[in-house]
Amino acid sequence: MARVLRVARSSSLFGLGSRFYSTSAEVSHASPFLHGGRASRVLAKDRNVQWVFLGCPGVGKGTYASRLSTLLGVPHIATGDLVREELASSGPLSRQLSEIVNQGKLVSDEIIVNLLSKRLEAGEAKGESGFILDGFPRTMRQAEILGDVTDIDLVVNLKLPEEVLVDKCLGRRTCNQCGKGFNVAHINLKGENGKPAISMDPLLPPPQCMSKLITRADDTEEVVKARLRIYNETSQPLEEYYRSKGKLMEFDLPGGIPESWPRLLEALRLDDYEEKQSVAA
Ligand code: AMP
């Protein structure tokens, strides 16, 4: 896929805008893993893992995609991480990107496809296969480009109420030494109008990380709200796009990691796979 994305970024695919939007003419390939919105119980080793995680900023795409990547042995590729690496490199793109990212806006499709294709090329050279994409696609155009170069098996759409998302983003911390992510927010949302209550304990760092915690520059209240607005306008249509292709698995997170992880594995029919892996370990 890296090679084809490279072609996409360099020339023709970007010049063929209208072709990318002619989805009605496309044949809809339903996911071989989804039946009635539930994943089928196919042995994980037989699964062609080419998955996408969708969901608002702060919903936990990175957390769950990274856990699944470890479990299934496929790379977790987060385009937000690629953008942050580029920002930290103080390369030629860095200043241009920091302005966009710090306002909560989306980077251009060309730049993001370029970064992703470089990451995929590096992975291919190391013998990687399969992927769990997190944060890509974010626009219809990106989804069309992706659909042109590869077949996505499954799209997992993680969901949480919007009130929780802002608090989760504001509570996010990363240790600048070990790179692990934590969350200092206490979430306690009462159940109302038929919606269930949601409570999440903070995920606190161990003492050795405590003095090394950093907050993402784009995790301020103003920028988080802008990112949520942009998600609703630009990225939410992707849900319908993948739903119409029979590839979307909706997953309402019931709470924090202890409650959500086993339920997600169950929904993905990976619960027995995890048990076998831990017995074998
Ligand atoms: P994230 O960590 O996924 O929240 O991404 C951080 C920032 O990187 C976003 O707010 C965007 O500015 C940029 N970004 C990440 N992925 C994409 C994408 N697929 N398309 C455009 N911009 C992106």
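The lining of the second largest pocket comprises 11 nonpolar, three polar and four charged residues (Ala, Val, Leu, Ile, Met, Phe, Trp, Tyr, Cys and Pro count as nonpolar, Asp, Glu, Lys and Arg as charged, and the others, Gly among them, as polar). The model is predicted: local features need pLDDT of at least 70, side-chain atom pairs count only at pLDDT 80 or more, and totals for chains, interfaces and linings use all residues. Residues are numbered from 1 along each chain as its sequence is written, and side-chain values use heavy atoms, with hydrogens and water left out.

By the rule applied, 12 salt bridges are counted (a side-chain nitrogen of Lys or Arg within 4 Å of a carboxyl oxygen of Asp or Glu). In the salt bridge of R216 with D218, the closest N and O atoms are 2.9 Å apart. R216 is partly exposed, at a relative accessible area of 24%, whereas D218 is buried, at 7% (buried means under 20% relative accessible area, exposed over 50%, partly exposed in between, with a 1.4 Å probe and protein chains only). Both belong to a salt-bridge network that links R172, R216, D218, D219 and R227. R119 forms a salt bridge with E128, with 3.1 Å between the closest N and O atoms; E128 is partly exposed, at 26% relative accessibility.

R67 lies over the face of W261, 5.2 Å from the ring centre (the criterion is NZ of Lys or CZ of Arg within 6 Å of the ring centre and within 35 degrees of the ring normal). Y241 and Y242 are both buried.
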